[in-house]
Amino acid sequence: MASVLQPRECKVTKKPQKSYGFYLRIEKNTAGHLIRNVEKNSPAEKAGLKDGDRVLRVNGVFVDKEEHAQVVEIVKNSGNSVVLLVLDDASYQKAEKEGMNLEELGQKVSTGQQQEQQSPLPMANGAITAVPQPRLCYLVKEEKGYGFSLKTTEGQKGLFIVELSTQGAAAKAGVQNNDRLIEINGENVENDTHEEVVEKVKKSENHVMFLLSNEETDHYYTSQKMVLSKESANLRLLPLKPRLIEIHKGKNGYGFYLRMEQSTGDHVIKEVDSGSPAAKAGLKDNDILVAVNGEQVDGLDHESAVGKIKQSEAKTTLLVVDKETDTMYKLAQISPFSYYYKAQDPTPAKMEQRVELHTEQKLNHKPRICKMVKGPSGFGFSLNMIKDKPGLFISEVQNHGPADTAGVENNDFLVEVNGVNVMNESYDKVVARIQDSGDRLTLLVCSKDAYKYFQGQNIPITASMADPVHDTSEPPAYTENHPSEPERNSPEPRERASSSSSSQSAASTKADSDNDDTKL
């Protein structure tokens, strides 16, 4: 007689912009969707999830036999609360061995929570269908205009698309009658008047980007208490796509220069050698680099971007866009990197797949207070800026130097110097503050991702957000690693205007006053 197995119903609720605190995985030679790495004191742990649990149902829907990516998407789209029906590792293996029907096993337990759900996941013929999403549509004006009108509807938020011309620019871009307009060129217009919206469309001249929702999408997002935004949008209708290019290194390298345009911060492909591996792979002059081997390069300095390419000895995979595509994505205020993940069919590189159920919040968004004492070669870091872009960032942190020992990291953004906010100060003024601080320096810094997050949320960055620093009479000791090369770690921060390299075997480098160029 088979023993009765007891699945557990765990309702996991997280705060907005926070994580559930666990990983969902599939593993080679192991059946089921596995709960792994449950973080201590996280919503997942408090809800009762345990390492090795198998997920049977998500919000009442049986998912044990569903594709793993589909299950992850359902959890991610559940807003700030998700109900998981799970079975412990030993029970799941026993059920598998005895051929038990896991779908029947969980039906009674999940009945109550199914009634709690305000809006079940969309179903078609018993199978899970795609979760409704807002859509980004890129309209290119034609001779007769965009081919639609706008109207307000009493009791409903926003403006609606009406009188859509079937052969007009809007229809060709994927706009539909009765779509509700959420954003224009990356800015929310739900609370704008009819006149204000019309004026914004006119100001956009011959190209405009709409974020749109239909009745089904509105209903789903409202029921799940989720916010409609471009971050959750379907990007498949966008006409211009980023290109994923795999290049195998030849005897003379890849055959192109990478240049950082100081005016924009873009990493631009230049001088692609005819017949080179880069040319054969489809790389073109003036392509803009978005990612290297799946990692974004936006915000990185020139040396860091080059370093990511050099990390791969035999080949590298670049995500690039041409200038027209770059302009389109900037109009939407999203990165082409989003398309790489949302619209490309994923190709797993390994048999084992791991999906992290965190968004930005897995990263540590706390700023850091870093206290240091000047060493023989200064504080051991450089201070950089990108021309015409706000913010100063740290680079060339000397290994085991004062800054490194205090917790400063390369690409950190500088927020405060000795308790004074310097985010809006000029480069020269900030350098002067550091020089005037004497032998002791206290910096408030945050990572690039944290900086972008706080800026995007309009949250001021303050020292009160940081973890407390132990009040000791002396900052931690450090080790001076390069006494014979003081020029690489000057006593005071400096602005690097161009790239230089003493190792011509690693890369050929050109310098000019506005850009960094490295031959790869």
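Colleague: Is lysine 330 buried, partly exposed or exposed?
Modeller: In this predicted model, lysine 330 is partly exposed, with a relative accessible area of 46%.

Colleague: And which residue does aspartate 266 form a salt bridge with?
Modeller: Aspartate 266 forms that salt bridge with lysine 330, and the closest N and O atoms of the two are 3.3 Å apart. Because aspartate 266 lies in the loop between β16 (257-261) and β17 (267-270) while lysine 330 lies in helix α10 (residues 323-332), the pair ties together parts that are 64 residues apart in sequence. Aspartate 266 itself is buried, with a relative accessible area of 16%.

Colleague: What about aspartate 326, which side chain does that one meet?
Modeller: The side chain of aspartate 326 also meets lysine 330 in a salt bridge, at 2.9 Å from N to O. These two residues are four apart in helix α10, so about one helical turn separates them. Aspartate 326 is buried, its relative accessible area being 10%.

Colleague: How many salt bridges are there in the structure?
Modeller: The count comes to 18 salt bridges. One of the others joins the side chains of lysine 315 and glutamate 246, at 3.6 Å from N to O. Lysine 315 lies in strand β20 (residues 315-321) and glutamate 246 in strand β15 (residues 243-248), so this pair ties together parts of the chain that are 69 residues apart in sequence.

Colleague: Which residues are linked in a network of salt bridges?
Modeller: Arg180, Glu190 and Asp218 are linked in such a network.

Colleague: Changing topic, how many aromatic pairs does the structure hold?
Modeller: The structure holds seven aromatic pairs. One of them is formed by tyrosine 146 and phenylalanine 148, a tilted pair with 6.4 Å from centre to centre and 40 degrees between the planes. Phenylalanine 148 also forms an aromatic pair with phenylalanine 210, and that one is edge-to-face, with 5.7 Å from centre to centre and 80 degrees between the planes.

Colleague: Which ring does the charged end of lysine 14 sit over?
Modeller: The charged end of lysine 14 sits over the ring of tyrosine 20, at 5.5 Å from its centre.

Colleague: Now the core, how many residues are in the largest nonpolar one?
Modeller: The largest nonpolar core has 21 residues, and those with the most contacts inside it are Met372, Phe381 and Leu383. The elements that give two or more residues to this core are β22 (368-373), β24 (392-395), α12 (402-406), β25 (413-417), α13 (427-435) and β27 (440-446).

Colleague: Which element gives the largest share?
Modeller: The largest share of this core comes from α13, with four residues.

Colleague: Which residues of α13 are buried, then?
Modeller: The buried residues of α13 are Tyr427, Val430, Val431 and Ile434. They cover an arc of only 100 degrees around the axis, which puts them on the same side of α13.

Colleague: And what covers them?
Modeller: What covers the buried residues of α13 includes β23 (382-385), β24, β25 and β27.

Colleague: Last one, zooming out: how many helices and strands does the chain have?
Modeller: The secondary structure of the chain comes to 14 helices and 29 strands. Of its 520 residues, 47% count as buried. Among the contacts in the chain with a separation of 6 or more, 67% are accounted for by residues 24 or more positions apart.

Key: Residues numbered from 1 in each chain as written. Predicted model: local features only at pLDDT ≥ 70, side-chain atom pairs only at ≥ 80, totals over all residues. Heavy atoms only, no water. Core = buried A, V, L, I, M, F, W, Y, C linked by side-chain atoms within 4.5 Å. Buried < 20%, exposed > 50% of the residue type's maximum accessible area, 1.4 Å probe, protein only. Phe/Tyr/Trp six-rings, centres within 6.5 Å; stacked < 30°, edge-to-face > 60°. Lys NZ or Arg CZ within 6 Å of the ring centre and 35° of its normal. Salt bridge = Lys/Arg side-chain N within 4 Å of Asp/Glu carboxyl O. Arc of directions from axis to C-beta. Contact = heavy atoms within 4.5 Å.
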